[in-house]
Structures are given as C-alpha cells and as structure tokens.
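Keep the viewer open and go through the topics in any order you like.

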Amino acid sequence: MSRASYEAGHLAGRDALGQELLQGTDRPLDPNAPLLEINDLVTDFPLKGFRAKPFRALKGVSLDIRAGECVGLVGESGSGKTTLGRAVLGLAPVTAGSIRLKGQEIGNISAAVRRRVGRDVQVVFQDPYTSLNPAMTIEAILAEPLLTRKVPKAEARERVAHLLEEVRLPADAMHRLPKEFSGGQRQRIAIARALALSPELIICDEPVSALDLSTQARVLDLFKEIQERTGVAYLFITHDLDVVRHVSHRVAVMWKGEIVESGDTAQVTRDPQHPYTQRLWMAAPVADPAKQKIRREERRELLAAQAEAGEATLAFAA
Ligand SMILES: Nc1ncnc2c1ncn2[C@@H]1O[C@H](COP(=O)(O)OP(=O)(O)OP(=O)(O)O)[C@@H](O)[C@H]1O
Ligand SMILES: [Mg+2]
C-alpha cells in the first residue's frame with residue numbers, strides 16, 4: 001500500500017492539520033528537500049550552583065533525514081545521542097541552531113505549534129517495561145493519542161485493531177494489560193502507539209537494546225517492514241553496530257556532542273575515516289572467539305599507530 005493511501009485510509013483531517021502546520025512560512029514544500037534538517041544545533045543544560053557554566057551536550061550538530069530513510073546514530077555513552085533525539089521531540093533545549101521539519105522550524109516554537117507537530121514526530125524508547133502505563137489496557141494505550149486528537153471512538157477502535165495487525169499482535173491483545181506481555185511484545189505495542197497518528201518520523205532510542213538476541217532480530221525486522229510499507233523515517237539510536245548495519249541506510253557517529261563522521265552504512269562501517277569511529281568499530285564485540293582475538297590484535301595496532309601519529313590528540317582536542 002502506498003504511504004498516501006495508508007494515511008488517507010486512517011486519519012481524516014490530516015491534510016487540514018498539515019496545512020495548518022505550514023502556515024506562517026512562505027517556503028514552498030520541496031518534495032526533494034529532507035524531511036528533517038538539523039543545522040548547527042547547540043544544546044546547553046543549566047547546571048546547579050551559583051554562576052555554574054551550563055553543560056554543552058550538543059556542540060553544533062548538523063544532520064538531515066530524508067522521507068522514508070533510516071539514519072543510525074551511534075556513539076559512546078554520554079556522547080549526546082538521546083539529547084539529539086529529545087531536541088527533535090521538543091524535550092531538550094535548543095540553545096542555538098535550527099531544527100526544521102518539512103521546512104518548518106520546530107526547534108523553538110510555542111507549545112501550541114509543538115502539539116500540531118507532535119503527530120508527525122513520535123518516539124519509541126528503550127525500556128518496554130516503563131514506557132507503557134501498567135494500569136491501562138492495550139486498547140486504551142493505543143486509542144489515547146487518537147482520542148486526544150478528537151478521532152471518533154468507533155474510528156479509533158478500528159484503527160487500534162489495524163495497529164495491532166501492523167505490529168503482528170493478535171486482536172485480543174486489546175483487552176489485556178501490559179504486564180501480560182513479554183519485552184518484545186511490549187516493544188511491538190510501543191511501536192503501534194508510535195504509529196497511531198501516522199507520523200513522518202519516529203525517534204527510536206535504543207529500542208531493541210533491552211531485548212534478547214532472537215527477539216531483537218524479529219523486532220528489527222518489524223521496524224524495517226513497517227518502514228517499507230508506510231514510508232516512515234527513523235532516527236535510530238543504538239550503540240550496537242550489528243543493529244545499525246541491519247536497519248540503517250546511513251549512519252552518523254557522535255563523539256562528545258559532535259557528529260564526527262557520517263555516510264552510507266556500508267561505507268562507514270567498512271571503511272571508517274575518523275579515528276574515533278575506527279576505535280568504536282574495533283571495540284565492538286565479535287561472536288567468534290578466534291575472530292575476536294584477531295580483532296583485539298588489530299585494535300592494539302590501531303591504537304598504537306594513532307598514538308604515534310599524534311592523531312588521537314589532534315582529533316580529540318576539541
Ligand atoms: N537534563 C540534563 N541535564 C544535564 N545534563 C544532561 C541532561 N541530559 C543529558 N545530560 C548530559 O548530556 C550528555 C549527553 O547525554 P545523552 O543522554 O544524550 O547521551 P547518550 O549518547 O544518549 O548516552 P547513552 O548511550 O548512555 O544513552 C551527558 O553528559 C549527560 O550527562
Ligand atoms: Mg541515550
């Protein structure tokens with residue numbers, strides 16, 4: 001099914017809202033323009049204490065995501081991946097720079113405009129055990145975003161049934177509570193909730209990290225399948241290289257609040273250019289112990305070579 005008919009079939013009123021969203025800009029919508037454009041984004045978090053300097057979590061990040069594309073965002077813990085995702089969702093401060101969705105600035109906007117944009121950008125979090133309200137049935141969880149947007153009850157109900165189908169859960173899941181589901185099934189419910197309003201972009205923040213390997217693979221396949229069917233774009237945050245290879249078209253590598261490398265997944269994972277990316281790739285575990293031994297040796301040589309070239313100090317001085 002095409003994205004257009006998929007949307008038209010499920011949510012009346014989207015066009016009206018979409019129009020409304022674009023009001024106030026005189027930029028025509030260019031079909032070839034990126035869906036999301038982040039330019040020189042800076043995020044400062046205020047720190048406690050008199051005259052304490054704020055902490056700069058993002059130091060001028062630029063990144064584009066095209067419609068229907070999956071961009072993997074990798075980097076070590078604390079590099080700013082979640083902060084970037086939260087800034088796009090309007091949950092982290094935009095100190096400087098811009099975030100545009102379909103040409104419209106969404107970085108610094110009023111709560112009312114954000115509410116309208118809200119339907120276009122959704123999120124799936126890492127922890128399937130805390131992200132669903134334990135007191136609500138699956139039907140109530142999935143219908144909530146629809147009912148808040150004044151979708152009639154009967155229509156919402158139909159949509160919930162369709163969403164469960166989309167994430168390959170049985171229709172009777174509707175009447176059950178989150179505690180009756182496994183981690184993988186809960187992530188499917190979280191994905192269904194993210195899809196409820198037919199978003200253009202889903203921020204996926206380590207959405208399979210808490211799952212065991214075989215469940216991971218099935219949930220990743222579901223992400224891909226949904227993308228192929230609906231044309232939704234993903235910003236896919238993960239620390240796992242295998243995950244990134246499996247789902248993303250492009251990869252961006254973050255290091256200390258900056259994107260140090262980006263490009264096609266195959267190219268960045270096979271032939272990383274930045275010393276930090278090379279080290280990150282080398283640090284990824286390998287299942288086969290013999291290969292792991294070779295990898296460890298290569299990593300030692302790489303680190304020695306980088307230290308000798310003084311490249312590490314140069315590249316990491318910023
Ligand atoms: N609300 C906040 N207030 C102050 N500092 C924050 C806040 N949120 C994040 N930070 C800091 O910003 C930096 C980036 O954090 P972030 O959570 O974005 O990293 P991450 O790349 O997602 O890491 P992980 O892989 O561990 O999830 C960290 O140093 C973190 O301590
Ligand atoms: Mg994070």
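In this predicted model, strand 2 (55-65) and helix 3 (81-88) each supply at least two residues of the shell around ligand 1. Helix 3 gives the largest share of that shell, with three residues.

**Around ligand 1**

- The residues surrounding ligand 1 are Phe45, Phe55, Ala57, Gly75, Ser77, Gly78, Ser79, Gly80, Lys81, Thr82, Thr83 and His239.
- By class, the shell around ligand 1 has eight polar residues, three nonpolar ones and one charged residue.

**The chain overall**

- The protein chain has 318 residues, and 36% of them count as buried.
- Its secondary structure amounts to 13 helices and 10 strands.
- Taking contacts between residues at least 6 apart in sequence, 67% join residues that are at least 24 apart.

**Helix 5 with helix 6**

- Helix 5 (residues 138-148) and helix 6 (residues 153-166) have axes that come within 9 Å and cross at roughly 125°.
- The crossing of helix 5 and helix 6 is right-handed.
- On the helix 5 side, the contact is made by Glu139, Leu142, Ala143, Leu146 and Leu147, while helix 6 brings Ala156, Arg157, Arg159, Val160 and Leu163.
- Sorted by class, the contact of helix 5 with helix 6 has seven nonpolar residues, three charged ones and no polar ones.

**Helix 5 with helix 7**

- The axes of helix 5 and helix 7 (residues 183-195) come within 8 Å, crossing at roughly 25°.
- Angles under 35 degrees count as roughly parallel, so helix 5 is roughly parallel to helix 7.
- Helix 5 and helix 7 also cross in a right-handed way.
- Here helix 5 uses Ile138, Ile141, Leu142 and Pro145, and helix 7 uses Ile189, Ala192 and Arg193.
- The contact of helix 5 with helix 7 is made up of six nonpolar residues and one charged residue, with no polar ones.

**Positive phi outside glycine**

- Asp40 sits in strand 1 (residues 36-45), and its phi is near 45°, a positive value in a residue other than glycine.
- Asp40 has 12 other C-beta atoms within 10 Å, so this residue is exposed; the limit for that class is 12 or fewer.
- Glu206 is not a glycine either, yet has a positive phi of about 50°.
- You will find Glu206 in the loop between strand 7 (201-205) and helix 8 (213-230).
- Is Glu206 buried, exposed or partly exposed? Glu206 counts as partly exposed because there are 19 C-beta neighbours inside 10 Å, and burial takes 20 or more.

- Gln126 belongs to the loop between strand 6 (121-124) and helix 5.
- Gln126 is buried because 20 other C-beta atoms lie within 10 Å.
- Which residues does Gln126 contact, leaving aside its neighbours within four places in sequence? They are Asp205, Glu206, Pro207, Ser209 and Ala210.
- Gln126 and Asp205 are 79 residues apart in sequence, and their C-alpha atoms are 5.8 Å apart in space.
- Phe236, in strand 8 (residues 233-237), counts as buried because it has 28 C-beta neighbours inside 10 Å.
- Not counting residues up to four places away in sequence, Phe236 touches Cys70, Val71, Gly72, Leu73, Cys204, Val247 and Ser248.
- One of these partners, Val71, is 165 residues from Phe236 along the chain, with 5.9 Å between the two C-alpha atoms.
- Ile259 is part of strand 10 (residues 258-264), and counts as buried because of its 23 C-beta neighbours inside 10 Å.
- Beyond residues up to four places away in sequence, Ile259 touches Val61, Leu63, Ala252, Val253 and Met254.
- Ile259 and Ser62 are 197 residues apart along the chain, and their C-alpha atoms are separated by 7.5 Å.

Technical notes
Residues are numbered from 1 along each chain as its sequence is written. Chains are lettered from A and ligands numbered from 1 in the order in which they are written. This is a predicted model: local features need pLDDT of at least 70, side-chain atom pairs count only at pLDDT 80 or more; totals for chains, interfaces and linings use all residues. Helices (H or I, at least four residues) and strands (E, at least two) are DSSP runs, numbered from the N terminus. Two residues are in contact if their C-beta atoms, placed from the backbone, lie within 7 Å. A residue is near a molecule or strand if its C-beta atom, placed from the backbone, lies within 6 Å of it. Ala, Val, Leu, Ile, Met, Phe, Trp, Tyr, Cys and Pro count as nonpolar, Asp, Glu, Lys and Arg as charged, and the others, Gly among them, as polar. Axes are lines fitted to C-alpha atoms, for helices over the stretch in contact, and angles run from 0 to 180 degrees between N-to-C directions. A crossing is left-handed if the near helix is turned anticlockwise from the far one by less than a right angle, and right-handed if clockwise. Angles under 35 degrees count as roughly parallel, over 145 as roughly antiparallel, 65 to 115 as roughly perpendicular and the rest as oblique.
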